[in-house]
Amino acid sequence: MLILTCPCCGVTAEETELHPGGEAHLERIGPGGSDAAFEAYLFARRNPRGVHFERWRHAHGCGKWFLAARDTATLQVFGTYSAQTPHPPAQIVAAIRRARPDWQPHWTQAE
Amino acid sequence: MTHTPSFRLARGGRLIDRARQIPFRFDGRHLRGLQGDTLASALLANGQMMMGRSFKYHRPRGPLASGAEEPNALFGLGQGGRFEPNQRATTTALLSGMVMQSQNCWPSLDADIGAVNGWLSPMFPAGFYYKTFIHPRAFWKHLFEPVIRHSAGLGRAPSDPDPDRYEQAYAHTETVVVGGGIAGLTAAREAARAGGRVLVLEQGPVWGGRTPVDHRDGQARIEALLADLGARPNVTLRRNCMATGLYDHGYLLAREALADHDPDQGIPRQRLWRIRARQVVTATGALERPLSFAMNDVPGVMLASAVRDFILDYGVAPGRRLVVVTNNDDAYRTALIAQEAGLEVAAIIDARPRAGGDLAQAARAANIPVLTGTGIARVRGGRHVEGVIHCDQSGEGRPTGAIDCDVVAMSGGWSPVVHLYSHCGGKLIWDEAEAMFRPDPARPPLGADGQGNVTATGAANGDLRCAGDLERAEDATMPVWCMPQNAPYKLRSKMWLDFQNDVKVSDVQLAAREGYASVEHTKRYTTLGMATDQGKLSNINGLAVLSEALSQPIPQTGTTTFRPPYTPLTLATIAADARGDAFQPLRRTPIHDWHARNGAAWEPVGQWRRPYSYPRAGEDRHAAVNREILAVRKGVGTLDASTLGKIVVRGPDAGRFLDMLYTNMMSTLPVGKCRYGLMCSENGFLMDDGVVARLTEDSWLCHTTTGGAERIHGHMEDWLQCEWWDWQVYTANLTEQYAQIAVAGPKARALLERLPGSIDLSQQALPFMQWAEGEVAGIPARIYRISFSGELSYEIAVPAGRGLDLWERLHEAGHDMGITPYGTEAMHVMRAEKGFIMIGDETDGTIIPQDLGLGWAISKKKADYIGKRAQSRSFMTDRARWQLVGLESLDGRVIPDGAYAVDAGSNANGQRKMQGRVTSSYHSPTLDRPIAMALVRHGPERMGQVLDFPLPSGEVMQGRICDPVFYDREGGRLNG
């Protein structure tokens, strides 16, 4: 029964008000993508013990999707943020770094 | 016989009211207890020590404890729908007229046939079931399993619905303190002083925990704290409220007993509190551990703390002559209290070489014999303790003497109750001095902010002397895991670790010898700490024995995982009001009441109720279906289609978005026209279908299946919000805003033309797959010329509030035409006659449109749509995929839905190979013969071939492959 704050409407909601949507920041592979890339997109999900980025929908609230950065082992929530971003924003990365100095992002931050 | 039970003491009993006698029935006997008694204290007062039989060997058992950790004294309580198994006699308050039944015995507690298991106990070692019931294979199903199932399970389930009411409530608080003992109340005072709301939960009916029993000034100290807390407006005190589980981010579940076993109060029986707290304080105290000596399960062997609880709380003597056996100073209290209450204390057997603490000195001063360095070799007696034989603790059990007694009070030290702390990730550390695990303050459960949100306090934190006089001299507890230390197998095989599941020291040692090094594996192999015990009594003793057997320190062995609930929750409490009609919302269409008045047989479709058919007098559901179909085919019928999903998609990028969502092209659909569309998941599988109408230049109305409306709307929003967030599109689910009525049949147009209206319904003005807007019978309406029945059909959408009006106007106008309401089953059969697929019949989450001959509805021109990439994967393009065909039954009977077509040969598991299956199968009243649709390997290329469908009865039915369109292949009727 996690507690997450919806960044769209600002409500701090508990898990029963939310609908989980799996890993965040997947890059869609469409026609033209290789078999391997498409398979990875469809089926291969990160399942880290530690920092993870997830999709959540405020299903029994404003109805909007948002993203959450949290630790899957300790349940610490580093922050929630808009779903309309290809990578976690700088303030989320900074919040993670403060709590987990050794953590390294798995994506290459655009310039 | 007098009414004063013989084991009730003349004085004492702080929780009972001697003026109020309470009659009750136990296994058919009429007995009396006192107001304030628990079932256990009332039975003990009546001299009834034996209260149950153990689970595996059916050994006679008495109460071991006085609280929630009791493993033996479990009863079935109540009658009929109020019967409840496994109620702890030690925590259940006695109420007038209570009826209780002992468990695990047949025909009675005294003469139990299953006790033969005990004589055979050498044949039932750890893992007995796993080892024995393997061969011969055939014996499992017919012999072993029925016998084991018959004797398996603790207690029996009630057979009637629970008539009581249960409720749930929410609480949000700064601090919740679990435990109303001295530590909990003190912590609550601290939290209350700091401000913020404080909620204090006490599992039992009285405050104070052990303090009033164990300390002379205890009651006064508790009352002072309660007075302080009671005066604070920010503190809520709640008794009879058991915290059963602690979950993520400070979410705590607690069950409050309001009217347990007392249905006449007219209030809910229990209330489940769903509490969210910023800080949780566990002040849950500690549980006393049993000692492992031979025959430590004979009725009359009890925890030392329980013996003094029964004496002081209930004025009940568990026996006349007491022996205390201990490895610590605390148990000396029991000897002193028992002697003061008038019991004879025959001896204190102390495993430690020396006992020089203040309590030991007091015992000696009271002329109680103290035998140090001594252990119990074995207990004498079968159904009741008759005495003990003692020995040197350091030896192998050679008797050093015998003492007659009828109660043995044992204490193996104390273990903090760490369950809640552990439930959501708090870690434990091993405390060498007290031989116990206690919460590690450095590794608590964490809140959302990453900071610890649970703290343990008092005995629950390992501070066993938190209520005591710290000045008092006390000798250290000496770990004793086996008494005597070098006991031979004969003794070890009679030392119980888990009294409920009959796990003994020898079982755990055997598990270790057989290679079970992990404590979690050992638990499952031996059943140690399973069922309601959940590690309360057996945990530390069991893992200490395992550690010794593995020659490793206890912390290295670790504990098993503590899982909620701490004590069982009834399912009724978890469900509360969400049962019966309130289980889930019922969705009714605007025409629902008309259906009900006209005899609809209902079919649940998701949360909707839809008419399956409208049986008339003398008709069953199926006869009604046939009549309804023929009426539509020959005249005109109406279907309430209001449940169909109706989602408006609008915006500059709506066409582009729908082109991604559907397999076919929607952006090119002209305003005023309709198009049937298919929606696939990103996996390529068909997930929904329906007709899309283009309403305006920038808006489309998407019809979905009844069950799919919310899901498809969510699917649209997911893609819009998370993938194409820069596209300008809005969606709105208008399903409930419109009533929709299908008017179908050759006379549909003639019927509608009888109603006043502004819409030209002619074939030229409104041909198939077009829509028009205007008025019908004075009601604003949109008419779609679409058909799921294969007949001339108009679907009329009107504002929901006008739906019933339109339906009734149609039926008035069509009365002389024989207008017939038809239900979902007639709709299903008619669509099958036409070879139209049905989501959920022809699809099951593994079917792509190409399997169903729907290639015509997949755009070849589009660069992309959801599912397109998946549909080019090798196994999606495999020509051997099963494809949709029709089936004609060879013998005129309906082939069962779901029947499989067998192929030649067998697979690697020796099973017949399959080549297809039936997806829809009906008797067609239109054609007066069976029709079916099936998915068959290479099906469309095999017209005319006959397939075999073996049935579970062994009979084989045959079907010939044919075209799936059985009726009006040219489409003249729906275009008419």
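Helices (H or I, at least four residues) and strands (E, at least two) are DSSP runs, numbered from the N terminus. The model is predicted: local features need pLDDT of at least 70, side-chain atom pairs count only at pLDDT 80 or more, and totals for chains, interfaces and linings use all residues. Residues are numbered from 1 along each chain as its sequence is written, while chains are lettered from A and ligands numbered from 1 in the order in which they are written.

Chain B holds 25 helices and 47 strands. Its C-alpha atoms fill a box of roughly 115 × 70 × 60 Å along the principal axes. Of its 976 residues, 50% are buried (20 or more other C-beta atoms within 10 Å of the residue's own, C-beta atoms being placed from the backbone).

In the UniProt record, an unreviewed entry, residues 493-577 of chain B are listed as "domain: SoxA A3". UniProt annotations may be inferred rather than shown by experiment. This span of chain B is 44% helix and 6% strand, and its end C-alpha atoms lie 49 Å apart.

Domain bounds come from an automatic or database domain assignment. In chain B, domain 1 covers 19-131 and domain 2 covers 166-286 + 416-461. Their C-alpha centres lie 29 Å apart. The contact (C-beta atoms, placed from the backbone, within 7 Å) takes 8 residues from domain 1 and 6 residues from domain 2. The domain 1 side comprises 5 nonpolar (Ala, Val, Leu, Ile, Met, Phe, Trp, Tyr, Cys and Pro), 2 polar (the others, Gly among them) and 1 charged (Asp, Glu, Lys and Arg).

Between chains, 22 residues of chain A are in contact with 20 residues of chain B. The chain A side divides into 12 nonpolar, 6 polar and 4 charged residues.

Methods:
Contact = placed C-beta atoms within 7 Å. Buried ≥ 20, exposed ≤ 12 C-beta atoms within 10 Å, placed from the backbone.
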